[in-house]
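Visitor: I am new to this structure. Please show me how to read it, one feature at a time.

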Amino acid sequence: MSGSIRRGDLARAASRCLHIQALLNPERMQGLGFGFAILPLLKRIYATREERGAALRRHIAYIATHPVLAGFVVGAAARLEERRAAGEPVSDAAIDTAKRALASTLAALGDPLFWVTLRPLAGLLGVITLLVLPPPDTGSPDFRVLLCPMLTLLTYNAVALPYRLFGVARGYADAERPAALLRSLHLAERNAVLERVSAFAFGAFLVLAGSKLDIGAVTGGSATQSALVVAPLLLGAIVGAVGVRAWSGRPVEVALAALAAACVLAAWV
Amino acid sequence: MVAELIRVSLLGGLLATDRAAGWNLMLSQPLVGACLAGALVNPGPEWELWALRVPIAVGAILQLLLTDVALPAAHRPRDTATAGIVGASVALLGLPRLHPSLAVSAGGILWVVIGVAAGLLSAVLGGWFARLHRTGPLTVARADALAEAGDLAAFERLTWGGLVRAFLVGAAWAWGGTILFLWAALSFLPRFSSALTARRAGVLFATLLGAAAVMAFHAHVRGRRHGTRWAALGALVTVFVIRGLGGVKP
């Protein structure tokens, strides 16, 4: 630690980054949560109530970044505040500009990795676990109820948690080298790899789901009745395909439309 | 049932906080919520076989249906965090109560369909309910005033209050949504008992599965660089592995 900030302060700030969206609002986005997260560091840097209040005021302005990567911005902002408290010529505008530049870049790199790729992949791996593991014998405990969600949680957090744990400390250490900091995170590279894993996992999911479909149990077994199952599968696929194109970002509505179509078909069968 | 509802409520609060407060540990994914609800809700020893299988299936289908690659800011305000909990809880709590009038087995498919339907409707209504957690301009103005006055302790209390509110809103909806949809299921489904055959349950399930597969394709393959190639490779490798292991024919 080069300044007054201690490791414990950085750890406290990192833990508070978990609550960065507790007061999320359209006017400031994560601004209030950012102020809450950086507060332990501001308390260490500034001694008086007035100085701390003024510093907090600077940090509850508008800011929007990826919640997993918010720690890097908190750490970098704390380093700039520390330099300012030490008497270096660091203006309010310089702190705000540095924060926003880092925050928006991290959001642009973090959104595709965490929201678009990793989160769906983690869920899919949980579903694949369900398909891979055999159901237990009658009377035995069904451990799939624990293993499926556990794999989802482990997959996501194995990638995301290191960024959250060490984000504040890394941001603090590399505040003067934001470009090097961003490069060292390898966000785009990891996203490219995980995208392929995600598509690969979907292929595996399709085969596994197809192999598990027990059409005979549903329909009674005859070829004609089995064909009746293909019709609803196709209907669902068509409604899903049209729905995701027409209603982007509205999966609940698409799923409800599929359910409504299924009810019509079921009434007709 | 009161003990079960309390557990469901606490779980709903926890998962809503994960989604709303920024924890984002993925506790709020439907698969996780449904499985945890399945572990907490016990419909009785005679239903032991279904008590865990139904929630996993409800969670898996909701997970595939509700996974959307649009960024959270582009989403409609839908409460997908408690959808898995409400869906699984309604299916499990309804199972012993509805069984006398809806004695359909078909591998528990009917209960899975009921759970998925309850989860989807819960996501819509829960989205409206979750607006209670919104931080308004008054809170922002209060935060400004507290920072101006240098009252850091009060500012921290404001944030902790936001966390507690997120928890309470999620808990209230998990509790209220489960009661609402359970009441709806108990009131209306027995009237359709003659129409709810195993075959129709299968048709509903298969349609949901078809939609889920396409939505999963949209999330995992479409728009990805070489996505189709990697998906085909994944399918081929899985076919070879299954055949190599001598398992079920794909």
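Guide: Start with chain B, which has 9 helices and 0 strands. Helices (H or I, at least four residues) and strands (E, at least two) are DSSP runs, numbered from the N terminus. From the N terminus on, the order in chain B is α-α-α-α-α-α-α-α-α. This is a predicted model: local features need pLDDT of at least 70, side-chain atom pairs count only at pLDDT 80 or more, and totals for chains, interfaces and linings use all residues. Residues are numbered from 1 along each chain as its sequence is written, while chains are lettered from A and ligands numbered from 1 in the order in which they are written.

Visitor: How many helices and strands does chain A have?

Guide: Chain A comes to 11 helices and 0 strands. Its pattern along the sequence is α-α-α-α-α-α-α-α-α-α-α.

Visitor: Which domains does the assignment give for chain A?

Guide: Domain bounds come from an automatic or database domain assignment. Here there is domain 1 (7-197) and domain 2 (214-268). The C-alpha centres of domain 1 and domain 2 of chain A lie 40 Å apart.

Visitor: What share of each chain counts as buried?

Guide: First the rule. A residue is buried if 20 or more other C-beta atoms lie within 10 Å of its own, exposed if 12 or fewer, and partly exposed in between; C-beta atoms are placed from the backbone. Of the 269 residues of chain A, 50% are buried. Of the 250 residues of chain B, 58% are buried.

Visitor: Which residues touch the most other members of the largest nonpolar core?

Guide: In soluble globular proteins, nonpolar side chains tend to be buried together. A nonpolar core is a set of buried Ala, Val, Leu, Ile, Met, Phe, Trp, Tyr and Cys residues joined through C-beta atoms within 7 Å. The largest one here has 179 residues, and those touching the most other members are Val74(A), Phe205(A), Ile61(B), Val112(B), Val113(B) and Leu208(B). Domain 1 (7-197) and domain 2 (214-268) of chain A both give residues to this core, so the core lies between them.

Visitor: What does Ile61(B) touch?

Guide: Two residues are in contact if their C-beta atoms, placed from the backbone, lie within 7 Å. Leave out residues up to four places away in sequence, and Ile61(B) touches Val112(B), Val116(B), Leu208(B) and Ala212(B).

Visitor: Which residues of helix α3 of chain A are buried?

Guide: An α-helix has 3.6 residues a turn, so residues three or four places apart point the same way. In α3 (residues 49-59) of chain A, the buried ones are Arg52(A), Ala55(A), Leu56(A) and His59(A). They cover an arc of only 100° around the axis, which puts them on the same side of α3(A). That arc is taken from the directions from the helix axis to the C-beta atoms. Their cover includes α2 (31-45) and α4 (70-85) of chain A, with α6 (137-149) and α7 (152-188) of chain B.

Visitor: How many residues of chain A are in contact with chain B?

Guide: 91 residues of chain A are in contact with 91 residues of chain B. On the chain A side, α8(A) gives the largest share, 16 residues. By class, this side has 58 nonpolar, 20 polar and 13 charged residues. Ala, Val, Leu, Ile, Met, Phe, Trp, Tyr, Cys and Pro count as nonpolar, Asp, Glu, Lys and Arg as charged, and the others, Gly among them, as polar.

Visitor: Where is Met29(A), and what is its phi?

Guide: Most residues other than glycine have a negative phi. Met29(A) has a positive phi, near 55°. Met29(A) sits in the loop between α1 and α2 of chain A. Met29(A) is buried, with 20 other C-beta atoms within 10 Å. In chain B, Met26(B) also has a positive phi, of about 75°.
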